[in-house]
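Student: Could you take me through one part of this structure up close? I would like a single connected account, please.

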2 protein chains.
Amino acid sequence: MAYHSRSHKASAPPAPAQHGSGLPYPVPPNYYGPTSYGSSHGYSDFPSGTHPDVIRSFQMVDMDRSGFIDESELQRALSSGYQRFSLRTIRLLMFLFKNPNDSLKIGPKEFAALWSCLGQWRTIFERFDRDRSGKIDSMELRDALYSIGYAIPPSVLQVLISRYDDGSGRRVELNFDSFVECGLIVKGLTEKFKEKDPRYTGTAMLTYDTFMSMIIPFLVS
Amino acid sequence: MAYHSRSHKASAPPAPAQHGSGLPYPVPPNYYGPTSYGSSHGYSDFPSGTHPDVIRSFQMVDMDRSGFIDESELQRALSSGYQRFSLRTIRLLMFLFKNPNDSLKIGPKEFAALWSCLGQWRTIFERFDRDRSGKIDSMELRDALYSIGYAIPPSVLQVLISRYDDGSGRRVELNFDSFVECGLIVKGLTEKFKEKDPRYTGTAMLTYDTFMSMIIPFLVS
């Protein structure tokens, strides 16, 4: 069974928005405002062209000017541009973006990449939240993931969505936080699988060691 | 690479204690006390021979007498006999013990099994916490898992233990809560893998669908 829809490569990052500003991520406030930033802040490690609001969000929480932030600082930094994410999502973001050599912190480069990635997820979320309720249901989640190249089987969709079932019997709906978490899980695990299935046969040979090492990092959150 | 030590079958439950009371789980308070319990409490669904303290712990939190408890009730129920577990461990326990048909609750039978399983983990923990500090380090974790049949590779041990690294540079030590979580993850994932490697070759062929469905449930916690 193919695990990617035909129109996209799984290795591609989430597709840029096809509407709105034309940017691959939402326009932060003051986007067209003053652009003095960069090395003058002592944060020359940000990629050139990083929006000043992104740098400002990082600086705001990096109180000791160490150039690195931990998970609760990341949670606060993202609140200024996005929203307060659950620690579960924050930990998953940390794990996926941090430099493998810096065990529990992220620096300017990783922060900029993470911020931009979240912008892409938000664009996708808004595209599939058709009634602008701030929530999407399981079919919309399926369509959203499909649109960026992940054709997840119904059984997988079901276990994925069941994580957010509060047991009330109501239809499960995901807010942006949960949507990002789902997206990161599907993208991260699929890419791990793909490494072991480079020819897209839909099947991979895994040793026990590989299997365990692939998965356990996803349990951080 | 073999993923089980030679002396145990992976399908076997944690080995009974080789010392102490001789029971496979710790003796709850009042074990030799009055034994009137069972159907007289309206909880006839407990397996016969269930210790009255186990039934009492369940009853204490099942306020509406529905015969089912949710995750926060489980957390409280276990506090009376063990300790207050993190919600992360509680969710993993729920997932591993709940009846697949009752989405987010567990009943008397599952509760009794879970209680007894925790007793087995506690016996193992105490055996490897040689200095009685209430904590074990990574080598003791490795030895503890090995003693019940799981020979986890060093790379897996490392990712597993890194979940509890607080970034302070100090040696990582696990309390009982984290130990149970580690144990459940290793046992659960290894058993999933074994289902796909029934001849113990150390390698399994997995489809994408199977791979994803095997793992996502472990991300509940």
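Tutor: Happy to! Copies are superposed by least squares on the C-alpha atoms of residues with pLDDT of at least 70 in both. With that in hand, and remembering that this is a predicted model, a rotation of 180 degrees with 0.0 Å of shift along its axis brings chain A onto chain B, at an RMSD of 0.0 Å. This relation is that of a two-fold axis. Within chain A, A:Met205 has the C-alpha nearest the axis, at 2.3 Å. Both copies use the same surface, as 100% of the contact residues of chain A recur in chain B.

Now let us zoom in on B:Phe111. The largest nonpolar core holds 120 residues, and those touching the most other members are A:Leu78, A:Phe111, B:Leu78 and B:Phe111. B:Phe111 has a relative accessible area of 0%, so this residue is buried, the limit being under 20%. Setting aside neighbours within four places in sequence, the contacts of B:Phe111 include B:Phe46, B:Phe58, B:Ile69, B:Leu78 and B:Ile106, and B:Ser57 is also among them.

About one helical turn separates B:Phe111 from B:Trp115, because they are four residues apart in helix α4 (residues 108-128) of chain B. B:Trp115 is buried too, with a relative accessible area of 7%. Over in chain A, A:Phe111 and A:Trp115 belong to one aromatic cluster with A:Phe46, A:Phe58 and A:Tyr82.

Notes:
Residues numbered from 1 in each chain as written. Chains lettered and ligands numbered in written order. Predicted model: local features only at pLDDT ≥ 70, side-chain atom pairs only at ≥ 80, totals over all residues. Heavy atoms only, no water. Core = buried A, V, L, I, M, F, W, Y, C linked by side-chain atoms within 4.5 Å. Buried < 20%, exposed > 50% of the residue type's maximum accessible area, 1.4 Å probe, protein only. Contact = heavy atoms within 4.5 Å. Helix = DSSP H or I, 4+ residues; strand = E, 2+ residues; numbered from the N terminus. Phe/Tyr/Trp six-rings, centres within 6.5 Å; stacked < 30°, edge-to-face > 60°.
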